[in-house]
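This report describes how the parts of a protein model meet one another. The sequence and structure are shown first, and the interfaces are then taken in turn.

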Amino acid sequence: MRPGIPGCSLSDKKMLSRFLERQTIGQKQALTAWLFLLIPILFYVIIRFYPTFEAFFVSTLKWNLLGKQKFIGFKNYIKLFEDEEFWLVLINTFKYALIGVPISLLFSFLIAYYLNEITFGHETIRALYFIPFLTTAVAMAWVWRWLYQPVPIGYFNIILSWFGIAQQPFLKSLDQALYSIMAPAVWAGLGFQIIIYLAGIRAIPQSHFEASSIDGAGRIQVLREIILPALRPTILFLVVISTIGFLRIFDQVYSMSADSAGGPLNSTKPLVLMIYEAAFDEFKMGYAAALTVVLFLILLVISLLQLSLMRRWTR
Amino acid sequence: MIRKSWFIAISGMFLIFSLASVGAVEIEYWQYTYKSRVEAIDKLIESFQAANPGITVKHTNFPYADYRKKVAIAVSAGDGPDIVQLYYGWLNDYRDSGLIQPLPKDAFPHDEIEDEFFGIVKSMKVKGEYWGLPTAVRSLALFYNKDLFSEAGISGPPETLDEFVATAKRLTKKDNAGNYLQIGFAVDTDGQDHHWWREVLNRLYGGKPYSSDGKKIAYNSSSGSQALKFVTDLEKTHQVGSNGFMNRGQDAFKAGKAGMVIDGSFRISTFNKQKDLNFGITELPGHNGNRFNFSSYWVNGISTKAKGEKYDAAVKFLKHLTSQNAMQIWLDTVGELPAKPKIALVDKNKKHPQFGPFIRGLAYANATSFIAEKPQRQSFIDAYDMVVLKDMSPSEALSKVAKKEQEVLDEFFEN
């Protein structure tokens with residue numbers, strides 16, 4: 001007995017059952033899979049892909065969200081490449097990624113490596129590192145903003161003054177502000193990266209370590225010859241994820257720079273903040289869309305590069 | 001038979017509902033959430049509805065941060081308010097985008113507006129039409145901490161710019177390492193200081209911020225540089241404070257760590273709530289016998305969504321909001337100054353210890369015709385940082401930011 005299909009007339013049912021009869025099991029399985037995938041695919045096409053393509057279209061318009069849309073071709077892109085601010089912002093964005101990613105990966109690896117070796121308090125410490133990752137970025141950024149204040153209230157400067165070190169301007173300095181904002185972003189991401197590293201280290205078969213100890217390998221050798229090579233997929237995953245994260249940095253800058261403007265003098269402004277300002281402060285939707293397209297292309301190229309590297313490296 | 005009686009009953013109900021909806025018009029009023037402003041509007045709606053049965057006003061408010069975005073998006077979607085409160089600096093933007101419509105001349109005759117309201121309200125007249133009217137206006141004044149003044153042996157608040165610098169110096173305290181323990185004046189480029197520089201200091205040094213038609217930047221001049229030098233010297237040369245000390249100027253003043261701060265009348269209630277803060281308010285310091293002030297206001301405009309009977313109701317409500325009675329309620333509830341000199345400039349208000357300096361300042365105040373407030377404010381913030389952080393000369397800094405701001409103006413006036 002074939003199961004009845006409700007809601008179909010008899011002839012429909014016959015046609016469908018005849019169609020199904022002709023399929024192999026493999027084809028039927030594929031059909032079922034596609035049926036189940038249909039909903040997420042539709043969701044992605046409507047919610048994700050359609051707006052993405054719309055952004056390409058909007059980037060060719062002059063439009064303030066309210067008035068008429070005016071087609072201006074590639075003028076937004078031309079303006080963008082002539083905009084000094086854009087290049088500064090692009091450099092800032094890459095600074096966040098190129099400096100933030102290695103530092104955070106190094107710190108989280110060191111912490112995970114040593115955390116793996118202790119059993120006493122292991123879980124408590126791991127939880128402590130993970131808590132910042134769970135905290136709202138905005139709340140955290142505001143606390144850090146206060147920590148960076150000058151002496152009567154800012155703890156960092158108070159600590160510096162104990163050692164007789166001169167006051168640092170931190171967020172108010174053109175040279176230090178970007179790194180001052182990067183620090184809480186790195187700190188907040190550590191928890192996640194440590195957990196992933198720990199999982200990676202724990203997944204290395206115990207027999208590798210036993211064999212190496214029989215061969216008389218030292219700590220450094222174990223690290224270099226066993227742990228690091230085995231962690232390659234983990235490291236590459238983290239590189240991709242945190243690069244994208246840093247290239248899209250926003251909350252910290254929005255909360256920590258004066259007037260949320262990415263200052264002083266745009267020295268901390270990342271691309272996402274520039275997009276936000278163009279779209280929702282100045283209502284230049286076309287220009288904002290053009291910036292978004294640029295960000296999209298950057299993320300695409302970097303992700304593809306990293307993925308191809310990953311394939312080559314983990315083979 | 002049964003079907004027929006059902007039909008009659010249903011059509012009868014429709015008739016009743018449609019009659020009821022003819023009787024009652026509901027209009028929507030939008031403003032941002034600020035406790036005392038919400039209370040004041042609720043009071044005004046109550047008295048309006050009592051006087052106009054058949055009209056109900058729905059009051060919607062939400063946080064300031066999202067205000068402009070939501071209004072813009074709602075009205076462009078044919079939704080949202082019939083009457084909307086907007087910052088005067090956004091008027092051109094709203095008008096240009098077709099969000100608001102001109103006020104009818106029969107209900108709001110131009111000569112009457114020009115006769116009754118403060119002169120600054122004239123900037124609401126664009127292309128021969130008025131587009132919005134305020135209930136209240138704001139101006140700036142100098143707040144000073146009386147306890148810190150008497151501790152430093154200073155008899156009274158400064159009257160001139162020179163006295164201001166001297167006073168600020170005497171109020172500043174530093175530790176041995178040169179860190180500020182107390183600042184003489186709370187410079188805060190994020191706060192009201194950009195208005196002070198643009199409309200007050202520029203004019204005190206003999207210049208003006210923009211050309212008379214508002215299309216060209218005029219602060220890029222020697223008087224503008226002098227004005228910028230004056231503000232930046234407070235931090236750079238006189239060292240009487242640092243920008244953003246204790247985060248915001250008002251925070252430093254509230255904590256009793258700043259001798260003076262420049263702020264608007266809306267800050268009075270904040271400071272009044274602070275225990276142990278014994279403060280006075282005085283007019284902004286003058287220079288060479290001149291005084292200037294900056295005035296700003298929120299206006300009520302009729303959105304393009306309001307049509308037909310809703311439009312008529314909106315006009316009535318706007319009349320109510322700009323009445324003498326409403327202005328007094330606004331002053332008592334919100335602490336903002338009446339928009340008509342006849343009500344504002346009465347002796348009782350002029351001599352008021354807290355509102356008085358603001359009201360006296362209105363007499364010599366100018367309002368900036370902003371195209372877009374945020375990027376225009378950014379000009380001052382950036383110019384200040386260029387001078388203080390990059391050691392650039394004030395004139396060089398101004399020519400840089402003026403170039404950028406002129407592009408904003410050009411783009412607007414091109415259309």
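## Domains of chain B

Chain B is divided into domain 1 (26-138 + 296-362) and domain 2 (139-294 + 367-414), with bounds that come from an automatic or database domain assignment. The model is predicted: local features need pLDDT of at least 70, side-chain atom pairs count only at pLDDT 80 or more, and totals for chains, interfaces and linings use all residues. Residues are numbered from 1 along each chain as its sequence is written, chains are lettered from A and ligands numbered from 1 in the order in which they are written, and side-chain values use heavy atoms, with hydrogens and water left out.

The C-alpha centres of domain 1 of chain B and domain 2 of chain B are 29 Å apart. Their contact (heavy atoms within 4.5 Å) involves 25 residues from domain 1 of chain B and 24 residues from domain 2 of chain B.

## The interface between the two domains

The size of an interface is often given as the accessible area lost when the parts come together. Domain 1 of chain B and domain 2 of chain B bury about 1,900 Å² between them, 55% of it on carbon and sulfur atoms; buried area is the accessible area (1.4 Å probe) that two parts lose on being put together, summed over both. On the side of domain 1 of chain B, the residues that lose the most area to domain 2 of chain B are B:Arg138, B:Gln354 and B:Phe358, together 31% of what that side buries.

One salt bridge (a side-chain nitrogen of Lys or Arg within 4 Å of a carboxyl oxygen of Asp or Glu) is found across the interface of domain 1 of chain B and domain 2 of chain B, where the rule gives a count of 1. The side chains of B:Glu283 and B:Arg360 form a salt bridge at 2.8 Å, N to O.

On the side of domain 1 of chain B that touches domain 2 of chain B, at least two residues each come from helix 4 (91-96), strand 7 (133-145), strand 12 (293-303) and helix 16 (356-362) of chain B. Helices (H or I, at least four residues) and strands (E, at least two) are DSSP runs, numbered from the N terminus. Helix 16 of chain B gives the most to that side, with 5 residues.

## The interface between the chains

Contact between the chains involves 29 residues of chain B and 28 residues of chain A. Chain B and chain A bury about 2,500 Å² between them, 55% of it on carbon and sulfur atoms. In chain B, the residues losing the most area to chain A are B:Lys69, B:Asn247 and B:Lys374, together 22% of what that side buries.

There are 2 salt bridges between chain B and chain A. The side chains of B:Glu411 and A:Lys284 meet in a salt bridge at 4.0 Å, N to O. Helix 3 (64-76), helix 17 (373-390) and helix 18 (394-414) of chain B each supply at least two residues of the side that touches chain A, and helix 17 of chain B provides the largest share, 9 residues.

## Pairs across the whole structure

Over all chains, the structure holds 23 salt bridges. B:Glu411 lies in helix 18 of chain B and A:Lys284 in the loop between helix 13 (271-280) and helix 14 (285-314) of chain A, so the pair joins two chains.
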